[in-house]
Amino acid sequence: MTPSQAAEALYAMIPHAVPRATLEEYGIDTTPDQARQITREVLSLSLFWVHSALQVALPKSSQERVFGELRQRLVKSWQSELGQEGQDVQEYLEEMESRRSSYDGVVQERGTPVMVSAEAASILESGGAVPSEDRQKILALLLDLVPVDPIGELVAELNLTDE
């Protein structure tokens, strides 16, 4: 598999735009802007786990190639598949790096995936995307939507070739 194919497989695995109907299934009522914020946090959390899995499974140059290809794929589908019309993708990419640092801090303190998702829920709450009374609902959504184990399994099976 080439780095581009690996990135495409990872992209296919992670959640894209979170429909408001899905949020409503969890009892979360949002505005379109709040739904976009939740999508970005789901995306950041998914990308954190992709990056973490790549760090464990691949040499640094291969990690960078796969993650770089994945970033390019995100940029291409930012408005269409990810539902981020009117949002600055470069600003998001900087935000994603900040989130990765926050999530990594939780992991460094021996945090579990649930604790990392709780950090994401806290970020959404403090950013006004969800009210504090919906914190458990958003945590459940994050735990259900972000494919932590499948990401790790896919990355563990990667056998990269040159393009």
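These legends walk you through several close-up views of the structure above. The model is predicted, so local features are described at pLDDT of at least 70 and side-chain atom pairs at pLDDT 80 or more, while totals for chains, interfaces and linings use all residues. Residues are numbered from 1 along each chain as its sequence is written, and side-chain values use heavy atoms, leaving out hydrogens and water.

**View 1. Meet helix α6, residues 113-126.** Helices here are DSSP runs of H or I with at least four residues, numbered from the N terminus. With 14 residues, α6 reaches 20 Å from its first C-alpha to its last, close to the expected 20 Å; that expected span is 1.5 Å times one less than the number of residues. V116, S117, A120, A121, I123 and L124 are buried in α6, where buried means under 20% relative accessible area, exposed over 50% and partly exposed in between (1.4 Å probe, protein chains only). These residues sit on the same side of α6, because they cover an arc of only 155° around the axis, taken from the directions from the helix axis to the C-beta atoms. The buried residues of α6 pack against α3 (32-57), α5 (89-108) and α7 (135-145), with contact meaning heavy atoms within 4.5 Å. After α6 comes G128, with a positive phi near 85°.

**View 2. Step into the largest nonpolar core.** A nonpolar core is a set of buried Ala, Val, Leu, Ile, Met, Phe, Trp, Tyr and Cys residues joined through side-chain atoms within 4.5 Å. The largest one here has 48 residues, and I38 and L47 have the most contacts inside it. Two or more residues come from each of α1, α3, α4, α5, α6, α7 and α8 (148-156). Helix α3 gives the most, with eleven residues. Leaving aside residues up to four places away in sequence, I38 touches L23, T30, L124, A129, V130, I138 and L141.

**View 3. Aromatic rings gather around F48, W49 and Y103.** Rings of Phe, Tyr and Trp (its six-membered ring) pair if their centres lie within 6.5 Å; planes under 30 degrees apart count as stacked, over 60 as edge-to-face and the rest as tilted. The whole structure holds three aromatic pairs. One of them joins F48 and W49 edge-to-face, at 4.8 Å centre to centre with 70° between the planes. F48 is buried at 2% relative accessibility, and W49 is buried at 13%. Ring pairs link F48, W49 and Y103 into a cluster.

**View 4. E8 and R73 join in a salt bridge.** A salt bridge places a side-chain nitrogen of Lys or Arg within 4 Å of a carboxyl oxygen of Asp or Glu, and nine are found in the whole structure. For E8 and R73, the closest N and O atoms are 3.0 Å apart. The pair links distant parts of the chain, with E8 in helix α1 and R73 in helix α4, 65 residues apart. E8 is partly exposed at 38% relative accessibility, whereas R73 is buried at 15%.

View 5. E95 pairs with R40, their closest N and O atoms being 4.0 Å apart. E97 and R100 meet in another salt bridge, 2.2 Å from N to O.
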